[in-house]
Amino acid sequence: MTHPQPEPPPRAAARGGAAAPAAPPHPPAAKPKARARKRKLSWKTAFKRDWQLYTLAIVPLIFFLIFKYGPMLGNVIAFRRFRPGGSIFGDEWVGLRYIQMFVNDPSFWHVFTNTVVLGSLTMVVCFPLPIVLALMLNEVRQQYFKKLVQSISYLPHFLSIVIIVGMVMQLLSLEGTVNQIIGAFGGEGIPFLQRAEWFRFIYVGSEVWQTIGWGTILYLAALTSIDDSLYEAAKIDGAGRWRQTWHVTLPGIRPTMVVLLILNIGSFLNVGFEKVFLLYNPLTYETADVISTYLYRVGLVSNNLSYATAIGLFQALIGLAMVLSANLISRRTTGTSLW
Amino acid sequence: MVTDIRTPDLASVKPRTTQRTRGERLFGAFNATFLVLLCLGMLYPFITVLAQSFSSSGAIKAGQVSFWPVGFNLDTYGAVMSNDMFWRNYGNTVLYTVVGTAIAMTLTTTYAFVLSKPHLKGRKVLIGIAVFTMFFNGGLVPNYVLISALGMKNTMWALVLPGAISVFNLLVMKTFFENLPKELEEAAQIDGLGWYGIFGRIVLPLSKAVIATMVLFYSVAFWNDWFAAFLYLDKSELFPITLFLRNLIAGASTTASEGAAAAGSTTAQVSANIQAVTMILTVIPILTIYPFVQRYFVSGVMLGSVKG
């Protein structure tokens with residue numbers, strides 16, 4: 001490369017630049033004792049030196065223990081009989097009874113299938129679209145126009161799911177815009193939200209509306225960090241715009257894609273509970289009912305708390321297993337991983 | 001400036017070529033057209049709800065409202081705004097947002113500060129405790145049982161405490177703190193300042209920008225939340241506005257799905273109006289601040305993406 005291109009701004013600039021020059025990290029303790037530190041510090045010395053830091057961590061740790069790890073331990077009621085008003089960890093062991101119950105419960109497998117279908121559809125549609133949009137935005141030359149598009153497309157991300165669903169319902173109601181259009185072409189009005197066959201489409205469509213813009217942020221950031229000289233080189237080699245996109249741009253954002261894909265896979269089974277819950281009704285249970293809504297009804301409406309916990313635990317474990325394996329696979333194959 | 005974490009514009013990618021071929025111009029035109037259509041499509045739901053909020057219920061019922069109000073009136077706004085419960089729930093939302101954000105910021109900032117000290121013994125464990133909760137959690141029922149057992153049902157605490165630390169936000173702050181110049185802290189230590197002093201008098205003042213970002217993240221989350229309220233609150237005078245709205249919408253859709261299409265239509269159409277107005281009034285605060293704070297959100301996301 002004969003023309004030295006200006007380097008893209010280093011990441012640090014994103015955080016406001018003038019930060020520390022790459023000084024080797026060393027413990028700030030300036031006491032002579034610490035300077036003669038051994039590699040391994042005993043806990044006693046550590047506490048003595050950093051007790052103030054440890055005390056700062058106490059309240060947040062209590063928070064984690066109670067509100068995050070408490071419910072995690074509370075999962076034992078999947079294996080114990082739970083009596084309302086009794087211990088939150090249940091009263092007596094019942095072994096795998098509740099597990100057997102849901103394994104033999106046809107409704108469970110029904111909602112399981114629904115969850116997998118809805119989750120896959122969402123992932124297949126909502127994962128690639130932000131990439132496409134980011135690439136399109138990247139081709140826009142008028143900066144004000146680009147910013148405008150970005151601002152507008154981020155907007156739905158900031159709205160409460162209640163508002164999102166409210167708007168979806170207004171659009172799809174019998175008097176709403178979609179039916180107005182159908183009516184203009186002489187068609188019969190369709191009560192979309194009462195039709196099970198439309199549910200998945202509505203869910204995924206509104207999910208796209210909500211996430212496509214916001215999802216571009218990380219890709220756009222990755223796009224800015226692709227070295228311009230790569231494009232120059234590709235051009236010298238005779239690559240047109242499409243081939244530049246294919247051979248330079250896409251590989252440049254691949255790490256971002258992989259990380260987001262892993263995260264997506266992890267949350268695959270947690271299809272947006274709140275959205276399904278707000279959008280569905282008994283008429284659409286057939287396609288709309290997912291694991292989380294089912295366990296909500298079983299657990300908190302019908303009060304089978306242990307049973308619902310067993311289902312929830314199963315779902316959480318699958319989610320965990322999927323993140324771990326996606327991460328492992330990606331580390332083996334692409335060298336990119338979350339940790 | 002260290003305090004300025006606003007991103008350089010994502011938009012500032014340099015144009016790659018100087019002259020464009022005909023195909024490129026064609027593509028550019030197609031691209032721009034597509035993006036304009038996309039934006040219109042994305043804005044349309046807002047526009048139609050706004051139009052409905054000013055329309056007469058008869059026009060909505062007749063399916064005449066799309067871009068523009070039909071039968072313009074402000075009566076629906078008047079009706080909604082004269083509802084005491086609406087204002088009370090609106091006030092609740094403000095209260096929950098303020099308290100929740102305050103608690104969340106305190107916990108997140110202190111913990112992020114601790115985690116950002118690379119020399120701290122046990123730091124890995126402390127990080128692990130937080131990060132693990134991103135990938136595994138207790139589930140709906142155990143959470144519910146816990147909150148009930150703690151006696152928090154029908155109190156504000158059920159809404160503001162469980163969400164007090166978002167691990168994502170925590171990692172964003174940690175990354176930010178890690179990138180502050182070490183020299184300042186070292187100098188402060190030599191001057192005899194303890195970690196409390198360093199945190200309160202050096203780190204926090206230097207971190208105004210990231211703090212602002214996190215305040216925005218948390219307050220939008222608390223403002224928008226409805227499900228915790230739905231689970232843990234029974235008394236309507238405690239509801240946040242989102243739950244108020246949800247009940248309006250759910251009420252309207254049950255009426256509709258119960259097949260009372262002919263007879264019950266009066267209630268259904270009135271609430272289409274009222275729903276629209278309530279939606280507009282609920283999003284107004286967010287829409288008002290959105291143009292000014294959008295880039296802080298973006299920078300927050302980018303900070304979080306830097307591997308910590």
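**A loop residue and its surroundings**

Guide: With 16 other C-beta atoms within 10 Å, A:Phe127 is partly exposed. The count falls between the limit of 12 or fewer for an exposed residue and that of 20 or more for a buried one. The model is a predicted one, and what follows should be read accordingly. A:Phe127 is placed in the loop between α5 (106–126) and α6 (128–138) of chain A. Once neighbours within four places in sequence are set aside, A:Phe127 has A:Leu261 and A:Asn264 as its contacts. A:Val204 is 77 residues from A:Phe127 along the chain, yet their C-alpha atoms are separated by 11 Å.

Among the contacts in chain A with a separation of 6 or more, 65% join residues 24 or more positions apart. Chain A contains 17 helices and two strands, and 39% of its 339 residues are buried. The largest nonpolar core comprises 148 residues, and those with the most contacts inside it are A:Val165, A:Val168, A:Leu279 and A:Ile311. A:Leu279 touches two others of that group, A:Val165 and A:Val168, as well as A:Ile202, A:Tyr203 and A:Ala288, with residues up to four places away in sequence left out of the list.

Chain A is divided into domain 1 (42–95) and domain 2 (105–333). The C-alpha centres of domain 1 and domain 2 of chain A lie 34 Å apart. Their contact draws six residues from domain 1 of chain A and five residues from domain 2 of chain A. On the domain 1 side of chain A, the contacting residues are three nonpolar, one polar and two charged.

Helix α3 of chain A, residues 43–74, calls for separate comment. The helix has 32 residues, but its end C-alpha atoms are only 31 Å apart, whereas a straight helix would reach 46 Å at 1.5 Å a residue. α3(A) bends by about 85° at A:Asp50. A:Asp50 is itself buried, and the other buried residues of α3(A) include A:Arg49, A:Leu53, A:Phe63, A:Phe64 and A:Phe67.

The buried residues of α6(B) pack against α3, α16 and α17 of chain A, together with α7 and α12 (227–232) of chain B. α6(B) is mostly covered, with eight of its ten residues buried. These buried residues are B:Leu140, B:Val141, B:Pro142, B:Asn143, B:Tyr144, B:Val145, B:Leu146 and B:Ile147. After α6(B) comes B:Gly151, which has a positive phi near 70°.

Two asparagines, one in each chain, deserve attention for their backbone angles. Most residues other than glycine have a negative phi. B:Asn154, by contrast, has a positive phi near 60°; this residue is in the loop between α6 (140–149) and α7 (157–160) of chain B. B:Asn154 counts as exposed because it has 12 C-beta neighbours inside 10 Å. In chain A, A:Asn303 has a positive phi near 65° and is found in the loop between α16 (291–301) and α17 (305–333). A:Asn303 is exposed as well, since it has 11 other C-beta atoms within 10 Å.

The contact between the chains can also be described as a whole. It brings 99 residues of chain B against 96 residues of chain A. On the side of chain B, the largest share, 14 residues, is supplied by helix α14 (residues 265–305). By class, that side of chain B has 61 nonpolar, 26 polar and twelve charged residues.

Chain B is likewise assigned two domains, domain 1 (23–73) and domain 2 (84–308). The C-alpha centres of these domains of chain B are 31 Å apart. Seven residues from domain 1 of chain B and nine residues from domain 2 of chain B take part in their contact. On the domain 1 side, α1 (22–54) and α2 (57–61) of chain B are the elements that give two or more residues, and α1(B) provides the largest share, four residues. That side of domain 1 of chain B has three nonpolar, three polar and one charged residues.

Conventions: Residues numbered from 1 in each chain as written. Chains lettered and ligands numbered in written order. Predicted model: local features only at pLDDT ≥ 70, side-chain atom pairs only at ≥ 80, totals over all residues. Domains from an automatic or database assignment. Nonpolar A, V, L, I, M, F, W, Y, C, P; charged D, E, K, R; others polar. Expected span 1.5 Å × (residues − 1). Bend = angle between axes of the 7 residues up to and from the residue. Core = buried A, V, L, I, M, F, W, Y, C linked by C-beta atoms within 7 Å.
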